[in-house]
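Please inspect the sequence and the structure before reading on.

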Amino acid sequence: MTERPVLYLVVCAAGPAEHIDELVDLLIGDGWRVCMIVSPTAAPWLDRAALQDKTGYLVRVEWRMPGDPEPHPPADVVLAAPLTFNTVTKWALGINDTLALGVLNESLGAGLPIIAFPHVKAELGAHPAYAGHLAVLRAAGVVVADGKPLNSVNKSGRWSVVVEALRSTRRS
């Protein structure tokens, strides 16, 4: 029997993050080992202890100290959901000022498969730099979901588009 693949789930402070536990349940049920990396702004929104119990891994927000062991196994794929305007912009520019951005930048440099689900206000999405930042990430190989797919009318199915995107990645 092969070991379940490792998914790094990078979570930023956008509305869907309040229901990230639902996504974690679906991912675990779909056969992933889920390791969570959370932006500092999103961290207070989440019950990190409950998520750690659910995943079996530390929910990381901060950098580890030099010499400390890596608390997560190496990733097979990275999922950024939800991804904020701030994180998209900084990531496209290579800014590395949070652990979440550090993981995204390193994963991109390592050539890992990355799927991103931006969730931004219409006003921020209309910013003249935003489309260019998404284009930079796409050109680098990131699969970026179009529109606001996490705005599901059917709240019970809010994460289905994410799970299906991951299933498509596994098949390819």
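The account below treats the annotated domain, the nonpolar cores and the salt bridges of this predicted model.

**Annotated span.** An unreviewed UniProt entry lists residues 9–121 as "domain: Flavoprotein". The C-alpha atoms at the ends of this span are 22 Å apart, and its composition is 35% helix and 19% strand.

**Nonpolar cores.** The largest nonpolar core comprises 29 residues, and Leu9, Met36 and Leu79 have the most contacts inside it. At least two residues of this core come from each of β1 (6–11), α1 (20–29), β2 (33–38), β3 (77–83), β4 (114–118) and α7 (160–171). Helix α1 gives the largest share, four residues. Beyond four places in sequence, Met36 touches residues including Leu9, Val11, Ile20, Val24, Leu51 and Leu58. A second, separate core holds 28 residues, among them Ala100, Val120, Leu134 and Val144.

**Salt bridges.** The count of salt bridges is six; the table gives some of them.

| Pair | N to O distance |
|---|---|
| Arg167 and Asp30 | 2.8 Å |
| Arg64 and Glu70 | 3.2 Å |
| Lys90 and Asp97 | 2.8 Å |

Arg167 has a relative accessible area of 35% and is partly exposed, whereas Asp30, at 18%, counts as buried because the cut-off is under 20%. Arg64 is partly exposed at 41% relative accessibility, as is Glu70 at 40%. Through shared partners, salt bridges join Arg60, Arg64 and Glu70 into one network. Asp97 is partly exposed, with 44% relative accessibility.

Technical notes: Residues are numbered from 1 along each chain as its sequence is written. This is a predicted model: local features need pLDDT of at least 70, side-chain atom pairs count only at pLDDT 80 or more; totals for chains, interfaces and linings use all residues. Side-chain values use heavy atoms; hydrogens and water are left out. UniProt positions are given in the numbering used here, feature names are shortened, and annotations may be inferred rather than shown by experiment. A nonpolar core is a set of buried Ala, Val, Leu, Ile, Met, Phe, Trp, Tyr and Cys residues joined through side-chain atoms within 4.5 Å. Buried means under 20% relative accessible area, exposed over 50%, partly exposed in between (1.4 Å probe, protein chains only). Contact means heavy atoms within 4.5 Å. A salt bridge is a side-chain nitrogen of Lys or Arg within 4 Å of a carboxyl oxygen of Asp or Glu.
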